[in-house]
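Subject: Structure handover

Hello,

Here is the structure for you to take over. Please open it first, then read the notes below.

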Amino acid sequence: MTSAMHRIKPSLFRTFAKPAAELDLSLFDPLRVYSNPELSTEVRPTYIDNFATTPLDPRVLKSMLPFLTDHFGNAAAVSNAFGQYAHTVVEQARDTIRRFVGGQTDGTVLFTSGATESNNLAIRGIAEFWADVGRHIVTTQIEHKSVLEPCRWLERHGYSVTYVPVSKEGMVDPDDVIRSIREDTILVSVMLANNEVGTIQPLKEIGRQTRERGMLFHSDATQGLGKTEFDAQLMFVDLVSLSAHKLYGPKGVGALYVAAPDASNILAPQTMGGYQEWGLRSGTHNVPGIVGLARACELFGQEGAKERQRIRELRDALRSALERTIDGVRINGSLAAAIPGALNLSIAGIRSSALLERIPEIGISSAAACGGKSGESHVLAAMRLPIAQIRSALRFGIGRFNTEEDVEYVTQRVESVVRWIRSQKAFGTA
Ligand SMILES: Cc1ncc(COP(=O)(O)O)c(C=O)c1O
């Protein structure tokens with residue numbers, strides 16, 4: 001590894017100032033940018049950010065391809081065989097997804113463009129439908145912004161929302177959630193696994209109580225499905241949001257499971273004008289995406305348990321290697337309570353932005369990809385971590401296609417950049 005590598009700030013970081021149309025795309029291609037002769041040939045693009053998105057599994061791609069070519073019919077235009085074929089595969093996919101989330105046989109799966117839309121539909125849809133019954137929602141401080149922002153929007157429109165705090169490990173206490181319930185509470189929304197620290201939340205304990213008290217329980221299960229045990233019926237969850245691109249499926253497709261034969265008795269539509277999805281989510285079905293989502297779920301059903309074990313071992317190996325080679329590593333959250341691939345840590349005195357810009361060939365992040373411009377994690381802030389620890393937080397997300405070699409490479413690169421930054425600081429040049 002040459003020391004020149006640490007001095008180079010790849011030009012892609014400077015190009016963001018230009019309009020997108022003027023950018024040279026090759027600067028962003030991880031497979032090409034490192035052919036820069038100043039960089040060591042040892043550099044190899046390594047993706048280890050599976051919380052942001054996951055690569056498409058080739059088996060999922062294979063299932064989708066016929067629906068991008070020969071079987072292009074519109075699933076809602078069933079007056080001909082083209083449409084009927086598409087309609088049938090969409091119905092089969094619905095069934096696969098319903099079983100994947102442990103939904104009841106007469107539950108409804110609504111297809112959406114992803115978990116952001118599913119969360120918006122669940123929260124705003126329920127708030128609108130039940131406005132005459134109550135206008136209070138309970139959620140947590142560590143939800144994804146696609147839960148928090150609709151809640152904030154509702155607060156500006158006559159609703160009130162309780163944002164339950166979490167422990168220093170990033171866990172919500174079920175008793176705190178239950179204590180927040182009021183006479184006028186219509187919905188409780190708690191995520192399955194957090195997208196920054198990976199902590200798995202106690203849904204069953206919460207669900208049992210919400211069911212007894214008669215309000216709806218929604219879970220944004222986007223990051224936890226397939227990575228930890230989940231069963232909507234056993235956990236008393238009435239609505240479940242999911243997204244294909246966190247499950248080695250395609251981007252731009254997701255679903256909302258609703259535990260009711262007729263979801264229009266629970267939700268008000270938020271997208272209108274096409275009558276698809278029983279009028280609850282209008283718009284032509286993304287048939288290839290839906291087929292891919294179902295195949296992705298099926299693969300988790302078949303291989304999930306084994307995969308979790310392998311990923312946990314890789315995660316533990318990465319953690320040990322980083323702790324062994326770098327001083328001042330602190331784990332954020334609780335690995336014992338997290339999904340297997342999650343590793344969020346801070347390195348004392350090293351701002352994550354300074355580190356990340358020197359290892360652009362490694363796909364890791366400092367906070368959630370959709371964390372907004374401030375860049376500082378609302379999740380780590382809710383865990384009351386000191387600001388310096390938040391600013392040096394790194395989120396690794398080990399996934400299906402990571403290997404021992406990736407762990408070795410990432411450790412070596414992170415360690416060498418940390419050493420370099422610390423040496424610059426010691427000489428007063430950083
Ligand atoms: C917990 C969680 N919820 C929702 C989303 C949004 O998912 P999508 O990208 O499918 O809109 C994400 C994506 O990062 C997430 O991590």
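Two strands pair if DSSP finds at least two bridges between them. Strands (E, at least two residues) and helices (H or I, at least four) are DSSP runs, numbered from the N terminus. With that in hand, strand S7 and strand S8 (residues 254-258) pair in the antiparallel sense over 5 bridges.

Some ground rules. This is a predicted model, where local features need pLDDT of at least 70, side-chain atom pairs count only at pLDDT 80 or more, and totals for chains, interfaces and linings use all residues. Residues are numbered from 1 along each chain as its sequence is written.

**Overview**

The protein has 12 helices and 12 strands. Of its 430 residues, 46% are buried. Buried means that 20 or more other C-beta atoms lie within 10 Å of the residue's own; 12 or fewer means exposed, anything in between is partly exposed, and C-beta atoms are placed from the backbone. Among contacts between residues at least 6 apart in sequence, 74% join residues at least 24 apart. A contact needs C-beta atoms, placed from the backbone, within 7 Å of each other.

**The sheet**

What is the order of the strands in the open sheet of 7 strands? It runs S2-S8-S7-S6-S5-S3-S4, with mixed pairing. Strand S2 (108-112) and strand S4 (160-164) stand at the edges. Each has a single partner strand, so one side of each is left without a neighbour in the sheet. The twist averages 20° from one strand to the next.

Now look at S7 (residues 239-243). 5 of its 5 residues are buried, so this strand is largely enclosed by the rest of the structure. Leu239, Ser241 and Ser243 cover one side, Val240 and Leu242 the other, and all are buried. Ser241 stands opposite Leu256 in S8. On the S6 side, strand S6 (residues 216-220) pairs with S7 in the parallel sense over 3 bridges. There, Val240 is the bridge partner of Ser219.

S6 also pairs with strand S5 (residues 185-189), again parallel and over 3 bridges. Ser189 has His218 in S6 as its bridge partner. Helix H7 (residues 203-213) lies across S5 and S6, at about 160° to S6. Such angles run from 0 to 180 degrees between N-to-C directions, with axes fitted to C-alpha atoms, for helices over the stretch in contact.

**The ligand**

15 residues surround the ligand. The closest are Gly114, Ala115, Thr116, Asn195 and Ser243. To count as near, a residue needs its C-beta atom, placed from the backbone, within 6 Å. By class, the shell has 4 nonpolar, 10 polar and 1 charged residues. Here Ala, Val, Leu, Ile, Met, Phe, Trp, Tyr, Cys and Pro are nonpolar, Asp, Glu, Lys and Arg are charged, and the others, Gly among them, are polar.

**Ile48**

Ile48 sits in the loop between strand S1 (46-47) and helix H2 (58-68). Is Ile48 buried or exposed? Ile48 is buried, with 24 other C-beta atoms within 10 Å. Gly397 is 349 residues away from Ile48 in sequence, yet 5.4 Å away in space, C-alpha to C-alpha. Beyond four places in sequence, Ile48 touches residues including Ile362, Phe396, Gly397 and Val410.

**Confidence**

Mean pLDDT, the predictor's confidence in each residue from 0 to 100, is 91, and 90% of residues reach 70 or more. Over residues 1-15 the pLDDT is below 50. Residues 369-373 also stay under 50. Where pLDDT is low, the predicted coordinates should not be read in detail.

Best wishes

Definitions and conventions: Contact = placed C-beta atoms within 7 Å.
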